[in-house]
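Please look over the structure shown here before reading the report. The text is meant for someone meeting the structure for the first time.

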Amino acid sequence: MADASVPRGSGDPGWGPATSVRSASADAPPAPRAAHTNGHNAEWDSAFYPQPTPARPSARERLEAAVPTTRERGLPGWAGLLVLVGATTLGILFDAIRGHQLALGFNVGIIAGSVIAILVVRRSGMFPVVVAPPIVYSLGAGISLYLRSSGLHDRGVLIDAATNWLVYGFPAIAAATASVLIIAGIRLIVRR
């Protein structure tokens, strides 16, 4: 058997008698023992009957905690559409007061309404405003024709008016759609 007085570096492999190893906490005072409750040992109960763990947050709660809750500035998408329809209606009324069929007022109204709507709407609500100018133009022209002709009894007049709107209204539709797409693209790049 190896002698405890022999240093370890002297060729002794250390297989001698067992020596105790003390941890850093060996000098610390012992932890208080749990008191017996209802005739049971609390340590025994906690080892074999684990305490219930707190409820794990749901996926929605984790997502809401991970995503910052900042409110977007601007109007919702439906309010942007109302701005576009309102400006177009003002253009139709301007042309009606001047005694013209759909002309400059209607075209300026749809372009200005599209630009204002895409500027005041939230980033998350831009899609309806981006696709709306051709639809609003067609609906505005159709409603204007219906009101001017006291109903749509003659299909020839309707087809002729629709052809004129598409041909002569194309620059207004294209300008409104292009301006909305450009502004929406800039807003997405700038993240405003």
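The report below goes from the chain as a whole to its helix packing, then to selected residues and finally to the pockets.

## The chain as a whole

What is shown is a predicted model, and everything said below should be read with that in mind. The secondary structure of the chain comes to six helices and two strands, and these elements, followed from the N terminus on, run in the order β-β-α-α-α-α-α-α. The chain has 192 residues, of which buried residues make up 23%.

Two helix pairs, both of which include H5, are described here. In one of them, helix H4, which covers residues 104–120, packs with H5 at an angle of about 165 degrees, and the axes of H4 and H5 are 10 Å apart. Because angles over 145 degrees count as roughly antiparallel, H4 is roughly antiparallel to H5. The crossing in which H4 passes H5 is right-handed.

In the other pair, the axes of H5 and H6 come within 9 Å and cross at roughly 160 degrees, and H5 and H6 are therefore roughly antiparallel to each other. Here too the crossing is described by its hand, and H5 passes H6 in a right-handed crossing. The residues of the contact of H5 with H6 divide into 18 nonpolar, three polar and one charged.

## Residues along helix H5

Val130 and Val180 are 50 residues apart along the chain, yet their C-alpha atoms are separated by 5.8 Å. Pro134, which also lies in helix H5, is partly exposed, with a relative accessible area of 30%. From Pro134 to Ile110 the C-alpha to C-alpha distance is 9.3 Å, while in sequence these two residues are 24 residues apart.

Ser138 is another residue that lies in helix H5, and with a relative accessible area of 43% Ser138 is partly exposed. Ser138 and Ile173 are 35 residues apart in sequence and 9.4 Å apart in space, taken from C-alpha to C-alpha. Gly140 is likewise found in helix H5, and Gly140 is buried, with a relative accessible area of 11%. The C-alpha atoms of Gly140 and Ile92 are separated by 7.9 Å, although these residues are 48 residues apart along the chain.

## The largest pocket

Rolling a probe the size of a water molecule over the atoms shows where empty space is left. In this model, the largest pocket holds about 320 Å³ of space. This pocket is lined by 16 residues, and those closest to its centre are Gln101, Leu102, Ala161, Asn164 and Trp165.

The elements that give two or more residues to the lining of the largest pocket are helix H5, residues 126–148, and helix H6, residues 155–190. Of the elements, H6 gives the most to this lining, with seven residues. By residue type, the lining of the largest pocket divides into eight nonpolar, six polar and two charged residues.

## The second largest pocket

About 250 Å³ of space lies in the second largest pocket. Its lining is made of 13 residues, and those that lie nearest the centre of the pocket are Thr89, Ile92, Leu139, Gly140 and Ile143.

Two or more residues of the lining of the second largest pocket come from each of helix H3, which covers residues 77–98, and H5. Which element gives the most to the lining of the second largest pocket? The answer is H5, with seven residues. The residues of this lining divide into eight nonpolar, four polar and one charged.

Notes: Residues numbered from 1 in each chain as written. Predicted model: local features only at pLDDT ≥ 70, side-chain atom pairs only at ≥ 80, totals over all residues. Heavy atoms only, no water. 1 Å grid on protein atoms, 1.4 Å probe; cavity = no way out; pocket = protein on both sides within 12 Å on 5 of 7 lines; lining within 4 Å. Points joined across faces, edges and corners; volume = space filled by probe spheres on them. Helix = DSSP H or I, 4+ residues; strand = E, 2+ residues; numbered from the N terminus. Nonpolar A, V, L, I, M, F, W, Y, C, P; charged D, E, K, R; others polar. Axes fitted to C-alpha atoms, helices over the stretch in contact; angles between N-to-C directions. Parallel < 35°, antiparallel > 145°, perpendicular 65-115°, else oblique. Left-handed = near helix turned anticlockwise from the far one by under 90°. Buried < 20%, exposed > 50% of the residue type's maximum accessible area, 1.4 Å probe, protein only.
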